[in-house]
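User: Please take a close look at one part of this model. I would like the packing described piece by piece.
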Amino acid sequence: MEQFKKKFLEEATELIANLEQALLSLDENPQDKSLHEEVFRIMHSLKGGSSMFGFDKIDAFTHELESIYDLVRNQKIELKRNILDITLESVDHIKILLESGDELSAENEKNHSNLLNKIYKITKSVSGDIITEKEEIEKHDDKNDNVIHNQLSDKPTYQISINPDENIFKNGTNPLYLIDELASLGHCKVFAKTNKIPEFDELKPELCYVSWEVFLSTDKSIDDINDVFIFVDDICEIEINKIDNSNLLEITAFTNEISNVVPDDGFSELDKIKELANNVKANEVKEEEAIKDQSSQDFYSQIKKNVISNIRVASDKLDDLMNLVSELITTQASLTLYAENNQNSELVTIAENIEKISRQLRDNTFEICLIPIDTMMVRFKRLVRDLSFELDKEIQFTAEGTETELDKTIIEGLTEPIMHIFRNSIDHGIESADERIKKGKPKQGTINFKAFHSGTNVYIQIKDNGRGLDAEKIREKAISRGFISPEANLSYQELINLVFLPGFSTASKVTEVSGRGVGLDVVVKKISDIRGEVEIESQLGVGTTITIKLPLTMSIIDGLLVEIDKTSFVIPLSSVDKCFEVKTETLNNNFNNRVKLDGSLIPYINLRKEFDINENCPDVQQVIRINYDNFNVGLSVDKVIGEYQAVLKPLGRLFKDLEIVSGATILGDGSIALVLDSGKIINTFDRETLERREAYYKGIKNIEDN
Amino acid sequence: MSETQTTGTVTSYLSFRLGDEMFAADVGKVLEILELCPITKVPRSPSYMRGVINLRGKVLPVLDTRIKFGIPASEDNVDTCIVVLDVDMDGESLHLGALVDSVEEVLELGPSDIEPPPTLGSKFNPEYIYGMVKREESFTMILKVDKVFSADELAIAQEVAEKKISDVKAEGEKEESDKKTAKKPAENKKK
């Protein structure tokens with residue numbers, strides 16, 4: 001039972017999540033009938049499940065809640081915001097009930113009855129009469145159903161054989177009227193015996209060739225049945241036998257089977273019928289149990305539908321799988337290396353196959369671990385809705401690209417920082433309606449959430465049309481906190497980037513929502529924990545956009561293995577465009593760090609120079625053309641070895657400030673290759689080159705001035 | 001561990017040589033001793049970071065202890081070893097390799113054998129020395145392993161190292177690093 005309960009809890013959590021989602025969609029689109037149905041359906045499943053597993057409070061509570069939506073879907077009341085508010089509150093309450101195992105603390109008890117009252121108010125006040133009437137009808141129906149059911153069950157079943165005399169028509173008797181009369185006594189099933197009907201040319205129309213076998217179940221006594229035949233008993237052979245004390249005709253199996261038992265010629269034997277009746281009845285008991293089970297399984301049958309296309313797996317199992325795949329790939333790399341060194345063609349073939357398979361395995365495992373951003377959306381929508389209500393701001397929330405998929409560890413790490421960004425946007429960004437009107441902006445603020453792929457990265461953009469960041473305010477604050485000196489000359493972008501510094505909050509007063517001293521620096525930290533980056537753009541009075549750049553996955557990357565001197569490096573393959581051979585002297589005797597590749601002049605970074613490696617310089621180097629933010633940049637290395645699947649291992653805390661290396665990987669021969677972050681390399685070295693150049697020009701200028 | 005004060009019991013210390021000096025570390029902090037193996041240099045890291053090695057599938061950073069302690073570097077030879085240490089860094093355990101010229105012996109020392117570190121005239125900052133042991137004519141310095149290799153110390157040294165790489169860049173950062181080095185006069189003393 002405990003196991004089932006656990007299962008129910010799991011399912012209920014899912015149902016509640018779906019319910020919340022549906023309710024939030026309703027919030028945008030209150031008249032959508034299919035949504036009304038869905039909400040009702042989910043509540044109903046929730047109710048069914050909770051009553052079955054003894055969560056009586058939830059059962060009763062959901063029942064009341066459900067009745068609102070019953071009214072809504074029957075268009076008895078109109079779905080208004082206040083109803084949704086109460087519903088959402090109630091959903092929260094159900095969550096609490098679920099967590100506490102259907103127990104109520106004193107505090108919740110109050111909330112419980114409060115909510116119930118509110119719900120009653122809605123159901124009763126809006127259309128009290130209709131409701132009571134309706135309920136009564138329902139009750140009435142229920143009762144009727146039961147009564148009929150019981151009566152039928154108690155009605156004995158009779159077998160009646162009617163074998164009329166050939167000349168019955170001459171009396172003016174129509175035997176069909178007899179059958180009609182029988183039918184009026186109760187439930188009956190009639191079999192006609194037509195075997196005596198002769199060929200057409202021998203048929204005499206004034207004679208009756210047919211006899212009947214009737215199964216009747218009725219609460220009338222056997223005498224009453226006999227009364228039907230009172231006028232015909234002299235010209236009809238009538239036989240009435242009681243088969244059973246219960247209504248066999250109610251049992252589908254009996255009615256199905258009986259036609260097989262009843263012979264076409266002559267009447268069926270009573271024993272046979274009785275045997276059938278007993279069999280059928282025994283089965284019926286089982287079936288009834290099954291039906292009972294089924295009602296409890298109804299709940300599961302819904303789940304089953306989902307199970308066929310989805311399997312729920314504990315996430316730590318996925319992590320284990322991922323780790324194993326990583327290990328496999330490392331081992332496979334050593335196998336490949338060993339095979340190559342041993343000149344054994346058979347071994348090489350095997351190694352290649354294993355490489356192929358492990359690559360596929362890796363890709364599949366990756367895919368398994370990817371989940372759409374959509375899974376976070378409910379929480380965001382809810383947050384925006386609740387917060388804007390609480391702060392009395394009108395906000396329209398739109399989301400795009402929520403089908404974009406990300407590694408689940410990334411999603412997990414992402415939810416909290418994004419919630420924080422939302423809170424900031426709503427609390428500090430979007431102005432109150434009055435303020436907005438004064439500024440000539442539309443009354444309703446907007447927050448746009450957008451996710452999209454670009455290269456190997458996924459970008460998430462959160463854009464609001466609020467007041468934007470006030471650079472002067474930030475400047476004052478930064479000076480007062482000692483982050484910058486009063487005479488520092490910073491650009492607007494540099495100033496707004498200051499908000500990412502720890503202990504920086506521009507809100508002049510601390511509100512409950514945000515500004516608890518936990519600033520955007522935490523967001524930056526959390527995002528960089530999952531190897532992401534945060535950028536902020538803002539325009540005073542127009543709005544703020546925060547862009548989060550994320551890697552697709554965290555643990556294994558496809559890379560290009562290269563060598564400089566004797567050190568191996570891995571460059572993420574996704575950013576690699578093309579490799580070229582260039583003479584070392586061309587690279588060294590170059591003033592503007594540009595090289596002509598494929599007919600176009602592109603800037604390059606001499607990694608030997610930047611990494612300070614001077615030994616064993618070859619005559620010819622390779623320049624790898626990298627696509628970075630739609631720019632082509634070359635990276636020079638000694639030698640390109642080939643494609644390599646790198647299992648990313650962290651370098652550890654000692655290297656945490658080293659941005660250009662995103663990790664290390666262990667090669668087949670056990671040595672270590674460093675995985676370079678090409679974007680960061682270009683960023684870092686480009687900036688440094690610029691700074692150097694600027695310093696150089698500054699130097700010249702100073703000399704001139706002097 | 002090495003940080004705990006006199007307990008009255010005998011503790012084991014692993015002694016090792018760096019140049020002409022002898023040092024010792026609590027064996028509780030020593031995980032294993034490796035022969036010198038090829039070390040992958042990490043570009044743009046401080047000069048005392050020798051690089052990383054593959055320790056049974058894990059990436060282990062290796063420090064050149066001589067450079068870190070300001071002892072003149074010597075060529076690696078057959079005696080050169082990597083001592084794998086378990087360092088407590090802000091409450092988290094961190095494994096790192098320390099390159100030493102040679103590993104000598106395990107000393108069993110009671111509290112009475114250990115003399116307090118000299119406060120004057122030492123070329124090493126007493127903050128990092130737990131105590132000294134006189135052995136024959138020379139002294140062996142017992143290190144506070146957690147302190148010596150703690151994150152802060154490495155970070156400062158790193159900034160200093162970065163200065164060399166790009167003088168121009170250092171100009172911009174000068175203010176900042178000055179501020180920090182001022183906070184830690186220890187670093188200057190050590191040099």
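Within what distance do the axes of helix 13 of chain A and helix 17 of chain A come, and at roughly what angle do they cross?

Analyst: The model is predicted, so local features need pLDDT of at least 70 and side-chain atom pairs count only at pLDDT 80 or more, while totals for chains, interfaces and linings use all residues. Residues are numbered from 1 along each chain as its sequence is written, with chains lettered from A and ligands numbered from 1 in the order in which they are written.

The axes of helix 13 and helix 17 (residues 520-529) of chain A come within 9 Å and cross at roughly 155°. Helix 13 and helix 17 of chain A are therefore roughly antiparallel. Helices here are DSSP runs of H or I with at least four residues, strands are runs of E with at least two, and both are numbered from the N terminus. Axes are lines fitted to C-alpha atoms, for helices over the stretch in contact, and angles run from 0 to 180 degrees between N-to-C directions. Under 35 degrees counts as roughly parallel, over 145 as roughly antiparallel, 65 to 115 as roughly perpendicular, and the rest as oblique.

The crossing of helix 13 with helix 17 of chain A is left-handed. That term applies if the near helix is turned anticlockwise from the far one by less than a right angle; clockwise is right-handed. Helix 13 of chain A brings A:G413, A:E416, A:P417, A:H420 and A:I421. Helix 17 of chain A answers with A:V522, A:V523, A:K526, A:I527 and A:D529. Contact means C-beta atoms, placed from the backbone, within 7 Å. By class, this contact has 5 nonpolar, 2 polar and 3 charged residues. Ala, Val, Leu, Ile, Met, Phe, Trp, Tyr, Cys and Pro count as nonpolar, Asp, Glu, Lys and Arg as charged, and the others, Gly among them, as polar.

Helix 13 (residues 408-429) of chain A also packs with helix 12 (residues 374-390) of chain A: their axes come within 10 Å and cross at roughly 20°. That makes helix 12 and helix 13 of chain A roughly parallel. Their crossing is right-handed. On the helix 12 side of chain A, the residues include A:F380, A:L383 and A:L387. On the helix 13 side of chain A, they include A:I418, A:F422 and A:I426. The residues of this contact divide into 10 nonpolar, 3 polar and 2 charged.

Now to a strand. Strand 21 (residues 672-676) of chain A is mostly covered, with 5 of its 5 residues buried. Buried means 20 or more other C-beta atoms within 10 Å of a residue's own, exposed 12 or fewer, and partly exposed in between, with C-beta atoms placed from the backbone. A:I672, A:L674 and A:L676 point one way from strand 21 of chain A, and A:A673 and A:V675 the other way.

Strand 21 of chain A has parallel pairing with strand 13 (residues 567-572) of chain A, over 3 bridges. Strands pair if DSSP finds at least two bridges between them. A:S568 stands opposite A:A673. Strand 20 (residues 661-666) of chain A pairs with strand 21 of chain A in the antiparallel sense, over 5 bridges. There, A:T665 is the bridge partner of A:A673. The hairpin of strand 20 and strand 21 of chain A has 5 residues between the strands, and A:G670 takes a positive phi near 90°.

Notes. Contact = placed C-beta atoms within 7 Å.
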